[in-house]
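Please read it with the structure open beside you.

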Amino acid sequence: MQPRNMSMSGVVDLAAVKAAQEAKAKAEQARAEAARQGGGGAISPADLVIDVDEAGFERDVLQRSTEVPVVIDFWAEWCEPCKQLSPLLERLTVEYNGRILLAKIDVDANQMLMQQFGIQGIPAVFAVVAGQALPLFQGAAGEAQIRQTLDQLVQVGEQRFGLTGLDVDPDAVPGGAAQAAPAEAVGPYDALLEAAVQALDGGDLAGAVQAYKNVLADDPTNPEATLGLAQAELLQRVQGLDPQQVRKEAAEKPGDAAAQIAAADLDLVGGHVEDAFGRLIETVGRTAGDDRNAVRVRLLELFEVVGADDPRVVAARRALARALF
């Protein structure tokens with residue numbers, strides 16, 4: 001499943017200007033009513049991620065979307081890509097500190113909602129802003145791509161609907177419980193992994209790469225570090241590239257391994273996973289020797305970025321085997 005709409009550039013097309021104005025007015029009325037009734041108090045970071053079912057959808061998603069953009073994660077227990085994506089969405093939601101709310105919907109238990117959103121495969125991620133549903137992406141996606149999408153979603157919520165988000169109290173008790181939740185156990189590599197994430201957030205790609213390598217030096221099979229390193233190295237490679245020039249060279253030199261590798265990196269960063277894989281598999285068939293091996297190695301690296309269990313990776317591995325043998 002290829003990520004779709006990994007950009008909010010199409011949001012304006014999802015509703016007419018008149019509908020957007022009406023939605024904004026309704027959002028303002030809802031916020032005013034909530035304020036009049038004494039709502040809108042500070043919440044715990046843990047309350048930014050909620051489980052939603054069909055019975056509570058209007059209250060927990062539609063009504064809350066008048067205060068904050070609500071991201072919807074459609075998932076299922078049997079969905080392997082969901083097990084990678086959902087924890088990432090939960091962590092990012094907490095990091096956004098009230099600018100978004102994450103609603104998790106189990107499709108097996110909520111078939112009607114799945115049908116209403118027209119979902120044909122999972123994971124699938126939507127957003128609801130001031131009552132309007134916006135498709136974000138379907139399938140697995142990298143953290144950098146998701147951050148870009150969430151940034152644009154927040155911007156749309158603020159600029160078009162005046163949604164300033166929720167007030168989050170880091171010391172608040174989740175769900176209004178009477179006692180604080182127990183502290184989570186800290187793993188042996190949590191500090192290094194957190195340092196890598198902070199480096200990525202600060203644009204220090206070299207620092208993130210080194211932090212992930214530090215983990216892998218001691219634990220070569222650490223899955224989070226393996227994925228993080230592949231993503232950080234990809235972002236490092238495309239940093240400073242001229243996309244127009246790269247794509248021009250790739251179009252003019254279909255058999256040039258370096259040109260196709262650079263274009264494939266850009267394809268993947270742009271969310272065009274199958275295009276990136278297809279480009280390199282075709283190049284394997286056009287090249288030989290060291291060039292062919294360089295293309296093969298880069299394709300394997302891109303597999304790491306997307307995740308071994310992703311169906312697009314499984315299909316591309318089969319295609320690569322056919323191209324090689």
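The numbered points below go from the overall fold to single residues.

1. **Basis.** This is a predicted model, in which local features need pLDDT of at least 70, side-chain atom pairs count only at pLDDT 80 or more, and totals for chains, interfaces and linings use all residues. Residues are numbered from 1 along each chain as its sequence is written, and side-chain values use heavy atoms, with hydrogens and water left out.

2. **Overall fold.** The chain has 13 helices and 5 strands. These are DSSP runs numbered from the N terminus: helices are H or I with at least four residues, strands are E with at least two. Of the 325 residues, 44% count as buried. Buried means under 20% relative accessible area, exposed over 50%, and partly exposed in between, with a 1.4 Å probe and protein chains only. Contacts (heavy atoms within 4.5 Å) reach along the chain: among those between residues at least 6 apart in sequence, 73% join residues at least 24 apart.

3. **Largest pocket.** Its volume is about 1300 Å³. A pocket here is an open set of points on a 1 Å grid over the protein atoms alone, where a 1.4 Å probe fits, with protein on both sides within 12 Å along at least five of seven lines. Grid points are joined across faces, edges and corners, and the volume is the space filled by probe spheres set on the points. Lining residues have an atom within 4 Å of a point.

4. **Pocket lining.** The largest pocket is lined by 43 residues. Nearest its centre lie Leu 88, Arg 91, Glu 143, Val 197 and Glu 224. By class, the lining has 25 nonpolar, 8 polar and 10 charged residues. Nonpolar covers Ala, Val, Leu, Ile, Met, Phe, Trp, Tyr, Cys and Pro; charged covers Asp, Glu, Lys and Arg; the others, Gly among them, are polar. Several helices supply at least two lining residues each, including H3 (80-95), H5 (143-161), H8 (223-238) and H12 (289-306).

5. **Disulfide.** The count comes to 1 disulfide, taken as a pair of cysteine sulfur atoms within 2.5 Å. The bond joins Cys 79 to Cys 82, with S to S at 2.3 Å. This link is right-handed, with 80° about the S-S bond. Cys 79 and Cys 82 are both buried.

6. **Aromatic pairs.** The structure holds 5 of them. One is Phe 117 with Phe 126, edge-to-face, at 5.0 Å centre to centre and 75° between the planes. Rings of Phe, Tyr and Trp (its six-membered ring) pair if their centres lie within 6.5 Å; planes under 30 degrees apart count as stacked, over 60 as edge-to-face, and the rest as tilted. Phe 117 counts as buried because its relative accessibility is 15%. Phe 126 is buried too, at 12%.

7. **Backbone points to check.** The peptide bond from Ile 122 to Pro 123 is cis, with omega near 5°. Pro 123 sits in the loop between helix H4 (111-116) and strand S4 (124-129). Which non-glycine residues have a positive phi? Asn 97 has a phi of about 55°, and Ala 130 one of about 50°. Asn 97 is in the loop between H3 and strand S3 (101-106) and is partly exposed at 48%. Ala 130 lies in the loop between S4 and strand S5 (132-138) and is buried at 10%.

8. **Val 295.** This residue belongs to helix H12. Val 295 counts as buried, since its relative accessibility is 0%. Leaving out residues up to four places away in sequence, Val 295 touches Ala 257, Ile 261, Leu 280, Thr 283 and Val 284.

9. **Two buried loop glycines.** Gly 271 is in the loop between H10 and helix H11 (273-286), buried at 2%. Its C-alpha is 9.7 Å from that of Ile 146, 125 residues away along the chain. Gly 307 lies in the loop between H12 and helix H13 (311-324), buried at 7%. Gly 307 and Gly 142 are 165 residues apart in sequence, yet 9.4 Å apart C-alpha to C-alpha. Beyond neighbours within four places in sequence, Gly 307 contacts Gln 84 and Val 313.
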